[in-house]
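Hi,

Here is the structure you asked about. My notes follow below it.

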Amino acid sequence: MAKWILMLCLAWWGSSGTWAKEAIPAAENPALEAQMMQIAKELRCLVCQNQTIAESHAALAIDLRQQVREQLLAGKTSDQIYTYMTARYGDFVLYRPPLKSSTYLLWLGPIVLMVLGLMALLLVLHRRSKLPDNAFDADDADISSST
Amino acid sequence: MSKIRFLLPLVLLACLVWFLGAGLKLDPKEVPSPLIGRPAPDFQLTQLDNAQTVVSRADMVGQVWILNVWASWCAACREEHPVLLRFAARTPVVIMGLDYKDERAAGQRWLRNFGNPYRASLFDEDGRVGIDWGVYGVPETFVIDKEGIVRFKHIGPLTDEVIQTRLEPLIRSLNG
């Protein structure tokens, strides 16, 4: 039995090792590849929308990684590459959409909701603090004795 | 005050239902194209059936035309094809194909087998022109006006309904 488990573990370890090898991009220039992946991590894959271009295996993501690589080699900055991508695919490709009039709700909505919630909470607490004692039920005897 | 107290949850519920209903109608797969209202991206590609003839953006300016992105490996294009053939038979508008990331022989064979609705198909072997046009899911269809401005984009297979309710009225107004 122990042998079996060992073999299974070895098989798993071996196969995960080969996966890891396949995931490493075959690039001659590791610095360029790292820079490319850094940019690709900020870009959404259009085909499989919850993945970045860095992690997707879709053909389009592979093509776009190649685009990023070539543009880096041509001396483009990361901002220029983001502009290139948004000109073609819109703000949707950016994992961090820019703050502008159409995205105010997206960026500020959660803050507004939290402020509203806190205000409601404060209002309720404030009102309750002003209520006379007989407005509240007496503590349940069971609960008070058990604590 | 006490009336508002009763109405408030109802109003909140109505808001929630409205948001959920609106969310149901949104299709996250349909990414709005930033190209709409902007000049069509430049291209220079050979024709699928003639590697010697080059077609560029400038050749198309001056007329309303349709660019339909397809590929022989694309299953949804098979579904769209009869719709496109019917449309091509009755419309005077030029329909150009963009054979996206395909092999020349495979693309030619596909058109021979299933019929050719296109004036010509541009052969985009490495998909570069596709990227310039923001193509991410084949088939896609663009309408370009006489000045070379992209006016409309449809993602996914065209249907008779889309052609009748969106494409044809738009083309009429652009030509009118």
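What share of the contacts in chain A with a separation of 6 or more comes from residues 24 or more positions apart? The figure is 38%. Keep in mind that this is a predicted model.

Chain A overall. Chain A has six helices and zero strands. Read from the N terminus, its elements go α-α-α-α-α-α. The chain has 147 residues, and 15% of them count as buried.

Helix 5. This helix of chain A spans residues 104–130, which makes 27 residues. From first C-alpha to last it reaches 38 Å, close to the 39 Å expected at 1.5 Å a residue. Helix 5 of chain A also has a kink of about 30°, centred on A:Pro110. Is helix 5 of chain A largely buried or in the open? The number of buried residues among its 27 is zero, so helix 5 of chain A lies largely in the open. The cut-off for buried here is 20 or more other C-beta atoms within 10 Å of the residue's own.

Contact with chain B. On this side, 13 residues of chain A are in contact with 12 residues of chain B. The elements of chain A that give two or more residues to it are helix 3 (59–73) and helix 4 (78–89). By class, the side of chain A that touches chain B has seven nonpolar, four polar and two charged residues.

Best wishes

Note on methods: Residues are numbered from 1 along each chain as its sequence is written. Chains are lettered from A and ligands numbered from 1 in the order in which they are written. This is a predicted model: local features need pLDDT of at least 70, side-chain atom pairs count only at pLDDT 80 or more; totals for chains, interfaces and linings use all residues. Helices (H or I, at least four residues) and strands (E, at least two) are DSSP runs, numbered from the N terminus. A residue is buried if 20 or more other C-beta atoms lie within 10 Å of its own, exposed if 12 or fewer, and partly exposed in between; C-beta atoms are placed from the backbone. Two residues are in contact if their C-beta atoms, placed from the backbone, lie within 7 Å. Ala, Val, Leu, Ile, Met, Phe, Trp, Tyr, Cys and Pro count as nonpolar, Asp, Glu, Lys and Arg as charged, and the others, Gly among them, as polar. The expected span of a helix is 1.5 Å times one less than its number of residues. The bend at a residue is the angle between axes fitted to the seven residues ending there and the seven starting there.
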